Amino acid sequence: MAPPSATNTESNGSSTKPTATAPHEPGLSEEKAKEKIATSHWPRPPKFDDPYKERAYLKGRLAAAFRIFGKYGFDEGVAGHITMRDPVDPETFWVNPFGVAFSLIKASDLILVSEEGEILEGGPVRLLNTAAYMIHSAIHKARPDVNAAAHSHSIYGRSFCSLGRKLDTITQDSCAFHDDHVLYDSFNGIVLAEEEGKNIAKALGNNKAALLQNHGLLTVGGTVEETVFWFVSMERCCHAQLMADAAAKGRGGETVKIHEEDAKFTYEAIGTPKAGYFSAKPMFDVIHKETGGDYLE
């Protein structure tokens with residue numbers, strides 16, 4: 001039996017006519033479905049009256065993010081970085097010290113970096129990854145809405161990025177990136193030049209993610225949690241498409257793409273910032289339990 005699309009049919013006794021019903025809840029109109037999503041009581045980031053208290057909290061979330069990346073194997077040598085805009089001075093950002101393992105990072109290890117690349121404060125290791133600075137400083141300058149950005153050389157992400165193409169919308173999860181990611185189709189070696197960072201930021205535009213050709217994945221968001229979830233999800237979407245494309249080619253065919261209307265409808269449920277934030281909650285809860293919260297030190 002063929003799967004339903006965003007347009008179902010109903011019978012009037014003699015014929016059928018299309019109705020705008022959502023595929024996931026038969027009988028629920030698309031308008032009502034969107035209203036239901038919009039009015040759901042999703043968990044939201046905490047609000048602070050004191051920016052210094054907010055800074056302390058967010059540093060803990062950033063440290064947890066690195067533990068998650070370490071748990072999922074997104075570290076390789078000294079490559080990879082996640083940044084967080086500082087709530088006290090929004091023109092600066094926190095980042096991991098160069099050469100410290102993701103799985104060992106604590107809040108007290110993080111370093112604060114200025115727009116000029118100066119290390120203002122931080123833990124005992126005060127080394128800055130130049131590529132991290134060039135990419136992230138350009139993104140934070142270009143996108144005031146972005147409070148966090150993540151990049152690492154994950155295995156499936158960098159494999160997919162060698163194909164020079166964007167993701168196809170072939171799974172429900174990939175709908176989160178439908179019309180919301182770009183391909184940066186240039187590779188000029190390690191990002192050590194300011195101009196290359198600006199080019200990546202320009203290519204990213206207002207999207208949540210970029211596939212850096214011959215390099216790896218880049219995701220951004222309004223929160224650390226959202227940014228981390230987009231990275232984890234995009235990595236898995238790359239994995240899924242690599243396998244699906246290989247299987248389809250082996251059978252002499254191609255993958256089945258999700259219809260544009262269905263993809264857009266699904267995006268509204270799983271591709272929004274609040275959906276990304278909420279989807280990250282289980283990962284952060286698990287890492288807190290497994291580490292006993294020692295990343296907060």
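The model is predicted, so to speak of local features a pLDDT of at least 70 is needed, side-chain atom pairs count only at pLDDT 80 or more, and totals for chains, interfaces and linings use all residues. Residues are numbered from 1 along each chain as its sequence is written, and side-chain values use heavy atoms, with hydrogens and water left out.

The chain has eight helices and ten strands (DSSP runs of H or I, at least four residues, and of E, at least two, numbered from the N terminus). Of its 297 residues, 47% are buried (under 20% relative accessible area; exposed is over 50%, partly exposed in between, with a 1.4 Å probe and protein chains only).

**Helix H5**

In helix H5 (residues 194-204), the buried residues are Glu-196, Gly-197, Ile-200, Ala-201 and Leu-204. Seen down the axis of H5, they fall within an arc of 140° and so line one face of the helix (the arc is that of the directions from the helix axis to the C-beta atoms). Glu-195 and Lys-202, on the other side of H5, are exposed.

**Salt bridges**

The whole structure holds 13 salt bridges (a side-chain nitrogen of Lys or Arg within 4 Å of a carboxyl oxygen of Asp or Glu). Three of them are these:

| Pair | N to O distance |
|---|---|
| Asp-294 and Arg-67 | 3.0 Å |
| Asp-245 and Arg-165 | 3.4 Å |
| Lys-264 and Glu-260 | 3.5 Å |

Arg-67 is buried, at 6% relative accessible area, while Asp-294 is partly exposed at 25%. Lys-264 and Glu-260 both lie in helix H7 (residues 260-270), four residues apart.
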